[in-house]
Amino acid sequence: MRWLSIFVMLMVGVGAEPLFGIRVPTLAILVIGTALTAWNLFAYRTQPAATTSTTFMELLVDLAAWASFLYLTGGATNPMASMLLPLVAVGATLLPMAQAWLLAGISISIYATLWFAHRPLYLPNPDQAAMWHLAGMEATFAVSAGVVVWYVSRLTQAIRLRDQTLAHAREQALRNERILALANQAASAAHELGTPLASMRLLVTELIPSMPDASTREDLQLVDQQIEQCKTILSRLTEVAGRARAREQRKQPVGEWIAQQVQAVRVQRPDADVALRAPAENPAIVADAALDHALHNLLTNALKAAPDTAIDIEVVLRGNIVDIRLMDRGPGIPAGVLSSTLPSGRKTLPGEGLGIGLLLTHTAIESHGGSLTYQRRPGGGTIAIMTLPTVAP
């Protein structure tokens, strides 16, 4: 807005007399425009932190420049006097109430003073003064309208962006609260289930050698293995949660990391058909146990959705971003669910489960600076796209 003010002042100072025959103090106007230009270019080229005090001072500088300009060009009779209004509008939106009213009072005082304290304009034909005044009012109205629309549009866009950021922050806070509650429940459940599992393990261990039937002993041994697996899972839940996350993180090539998670899934599901396509370039990502579980969960969901077809994994590089696309041939996600699936952790995919795994998956990916989105796969099925930042080798 200040550059626009400088441009208008300089155009009037240079072009008023040759174009319209209106004599103005060109040198004095050029001094004002040059001083305002110097203030904009040099005095604040370091761009100090914006505060209400600095904003108020900047608006006072603009008011002083316009007051000086109007004093030299007819004062209140100059239709450009309405250019004081956009400055007041800016102050009303950016300043506290007291400073905004003070700025408005200063503007009114300037306008009132210009009624009797100004240098008159010299017109070649005084009879055309009314026509020139109306033409100036029209031009000034057009410029003021454009400035107000431009400024309010930018302000509205900034407010909308702020609201979106606040909404995202609130959603993250709610999701973190849910995860904390889930962690507390998991720790409590692990503590309570430890005793009955130990009792079951003791009974099964005593029963195995006393069974004369070999098939029964094999079944009991399988039960013993499953109990041991349950104890292992519970021990993970009761691990010290305060471990430094940096100790758990590791830098690993993305292709190698995906292959490890695919192999882990195949151990649990030997019949899993997973095809991996990755480019020759193999950038590294920062992974940890949470991110491992996130990819493992997505693979498991894809295999559940399409147990009889192959799961395709495609790695796509986009600069310092890598897209991991998991594509299945399952029934797909309904359009109404697809457009709002779980960025906030509030919805679940259709099918079995409570959505806790997908909630944790989203949280793990977002904590690594990534995102998770879903698309319909042409020909049927779903594409889960895990986007992660890469790191320098």
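Which residue in strand 5 is the bridge partner of Val315? The legends below describe close-up views of a predicted model, and the first of them gives the answer.

**View 1. The hairpin of strand 4 and strand 5.** Strand 4 comprises residues 311-318 and pairs with strand 5 in the antiparallel sense, over seven bridges. Within this pairing, Val315 has Ile324 of strand 5 as its bridge partner. Two residues lie between the two strands of the hairpin, and Gly319 in the turn has a positive phi of about 70 degrees.

**View 2. Strand 5 and its pairing with strand 7.** Strand 7, residues 382-389, runs antiparallel to strand 5 and is joined to it by seven bridges. Here Ile321 stands opposite Pro389 of strand 7. Strand 5 spans residues 321-327; five of its seven residues are buried, so this strand is largely enclosed by the rest of the structure.

**View 3. The aromatic pair Trp66 and Phe69.** Two aromatic pairs are found in a search of the whole structure. In the pair shown here, the ring centres of Trp66 and Phe69 are 5.5 Å apart and the planes stand at 90 degrees, so the arrangement is edge-to-face. Both residues belong to helix 3 (residues 52-72), where they are three residues apart, about one turn of the helix. Trp66 and Phe69 are both buried.

**View 4. The aromatic pair Tyr111 and Trp115.** Tyr111 and Trp115 also form an edge-to-face pair, with 6.4 Å from centre to centre and 80 degrees between the planes. Tyr111 has a relative accessible area of 33% and is therefore partly exposed. For Trp115 the relative accessible area is 53%, so this residue is exposed.

Note on methods:
Residues numbered from 1 in each chain as written. Predicted model: local features only at pLDDT ≥ 70, side-chain atom pairs only at ≥ 80, totals over all residues. Heavy atoms only, no water. Buried < 20%, exposed > 50% of the residue type's maximum accessible area, 1.4 Å probe, protein only. Helix = DSSP H or I, 4+ residues; strand = E, 2+ residues; numbered from the N terminus. Pairing = 2+ DSSP bridges. Phe/Tyr/Trp six-rings, centres within 6.5 Å; stacked < 30°, edge-to-face > 60°.
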